[in-house]
Amino acid sequence: MESIKHPNLDPAEFFNSVIDAKREKKEDTTYLKRVINLKDNNAQKLKDYSNSFSNNNIESLSPMNINSQIKDDLLSLYIYGAKPFRDLIQNLNEQNGGHEIAKCPHCGVNTPSTLDHFLPKTVFPEFAIHPLNLIPCCPNCNGHKSEAWHRNGERACFNVYLDKEPDEQFLFCDVMIINNIPSALYRIDGYLVKDKELYALIKRTFSILHLIELYNKASDEILKSLRKEIRHQSRNWKLSQDELFDYLLDCYKNEPCNDRDNVYCTALLNNEHSRNFFKELLTSKKI
Ligand SMILES: [Zn+2]
């Protein structure tokens with residue numbers, strides 16, 4: 001999970017710009033009039049979200065009691081890929097260093113090709129297009145998160161706009177050797193994390209998004225790139241094999257402690273069996 005900066009857009013202006021881009025529907029001649037009315041009728045709800053966001057307690061918001069027509073109209077405003085939402089993603093990119101957000105901030109594995117409604121739009125259609133409620137997300141995480149927004153009144157999933165990962169390590173990895181090839185077995189543990197509520201939130205998020213399973217599945221790529229790095233370094237340095245592994249271990253010490261690449265590479269370089277695996281590859285020049 002990686003915290004990112006939220007979009008810097010005025011929610012009311014954004015809401016109105018989405019409605020201004022709407023056209024009358026031949027099969028529903030009162031549609032345009034109805035959605036234009038939403039500009040005034042939904043304005044207070046947008047302010048309520050922004051205030052709760054500022055106070056970091058969006059879970060305290062209660063769903064609005066509305067008829068199915070208004071619900072459908074509000075939901076019709078969200079069309080991923082439509083220009084206002086492309087502009088929103090552009091704004092997010094600008095807020096976050098000016099380059100494309102390449103990885104899903106929840107899993108760090110897949111491409112964020114969707115927007116997650118942090119408060120689900122099926123429960124809160126009034127926030128279906130609130131910019132602070134729209135978070136870049138991969139389809140996998142989005143599908144797992146679905147309508148999970150609170151657990152017993154507490155935030156169900158880490159909010160990458162509001163929550164910050166702890167500095168202490170909570171992601172760990174063991175190495176298993178299967179058919180002579182190292183394999184990752186990730187796990188989380190909060191014993192080092194001082195903020196226990198934050199760790200509980202991370203634990204819920206890992207469970208809801210199935211992150212451990214995803215990390216284990218995606219670990220082969222990390223092994224491949226470490227093999228590449230070892231090959232590259234072994235050509236450049238006149239170090240013994242163990243000295244080379246120790247040198248690489250030292251480099252990983254400066255990386256973020258909960259980065260899944262770093263955690264697995266460190267485990268591989270610390271493990272006697274995987275060291276032997278790399279040594280055999282180096283000796284037989286198969287690396
Ligand atoms: Zn993801």
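**Figure 1. The zinc site of the predicted model.** The zinc ion is held by four protein donors, Cys-104 (SG), Cys-107 (SG), Cys-138 (SG) and Cys-141 (SG), at 2.3 to 2.4 Å. Donors are N, O and S atoms within 2.8 Å of the metal (3.2 Å for Na, K and Ca), and sites may look incomplete because water is not among the atoms. The angles among the 4 donor atoms run from 105 to 113°, and the site is tetrahedral. Four donors count as tetrahedral if all angles lie between 85 and 135 degrees; four count as square planar and six as octahedral if opposite donors are over 155 degrees apart and all others between 65 and 115, and anything else is irregular. For four tetrahedral donors the ideal angle is 109.5 degrees. Along the sequence the donor residues follow the spacing C-x2-C-x30-C-x2-C. Cys-104 and Cys-107 are both buried; buried means under 20% relative accessible area, exposed over 50%, and partly exposed in between (1.4 Å probe, protein chains only). This is a predicted model, in which local features need pLDDT of at least 70 and side-chain atom pairs count only at pLDDT 80 or more, while totals for chains, interfaces and linings use all residues. Residues are numbered from 1 along each chain as its sequence is written, and side-chain values use heavy atoms, with hydrogens and water left out.

**Figure 2. The boundary between domain 1 and domain 2.** The chain is divided into domain 1 (11-149) and domain 2 (171-283), with bounds from an automatic or database domain assignment. Over C-alpha atoms, the domain centres lie 37 Å apart. In contact across the boundary are 10 residues of domain 1 and 8 residues of domain 2, where contact means heavy atoms within 4.5 Å. About 710 Å² is buried between the domains, and carbon and sulfur atoms give 71% of this. In domain 1, the residues that lose the most area to domain 2 are Cys-107, Val-109 and His-144, together 55% of what that side buries. Buried area is the accessible area (1.4 Å probe) that two parts lose on being put together, summed over both. Between domain 1 and domain 2 the count is 0 salt bridges. A salt bridge is a side-chain nitrogen of Lys or Arg within 4 Å of a carboxyl oxygen of Asp or Glu.

Figure 3. Arg-187 and Asp-174 form a salt bridge through their side chains, at 3.0 Å from N to O. Because Arg-187 belongs to strand β6 (residues 181-188) and Asp-174 to strand β5 (residues 171-178), the pair ties together parts that are 13 residues apart in sequence. Helices (H or I, at least four residues) and strands (E, at least two) are DSSP runs, numbered from the N terminus. Arg-187 is partly exposed, at 36% relative accessible area, and Asp-174 is partly exposed at 33%.

Figure 4. The closest N and O atoms of Arg-275 and Asp-246 are 2.6 Å apart, in a salt bridge. Arg-275 lies in helix α12 (residues 272-283) and Asp-246 in helix α10 (residues 241-252), so this pair ties together parts that are 29 residues apart in sequence. Arg-275 is buried, with a relative accessible area of 12%, whereas Asp-246 is partly exposed at 40%. A network of salt bridges links Asp-242, Asp-246, Arg-275 and Lys-279. A further salt bridge joins the side chains of Asp-250 and Lys-253 (3.2 Å, N to O). Asp-250 is partly exposed at 44%, and Lys-253 is exposed at 64%.

**Figure 5. Helix α11 and its cover.** Helix α11 (residues 260-270) is largely enclosed by the rest of the structure, because 8 of its 11 residues are buried. These buried residues are Arg-260, Asn-262, Val-263, Tyr-264, Cys-265, Ala-267, Leu-268 and Leu-269. Their cover includes strands β5 and β6 and helices α8 (211-217), α9 (219-236), α10 and α12.

**Figure 6. Val-193 in its loop.** Val-193 sits in the loop between β6 and α7 (196-209) and is buried, with 0% relative accessible area. Leaving out residues up to four places away in sequence, Val-193 touches Pro-166, Glu-168, Gln-169, Phe-170 and Tyr-199. From Val-193 to Phe-170 the C-alpha distance is 6.8 Å, and the two are 23 residues apart in sequence.
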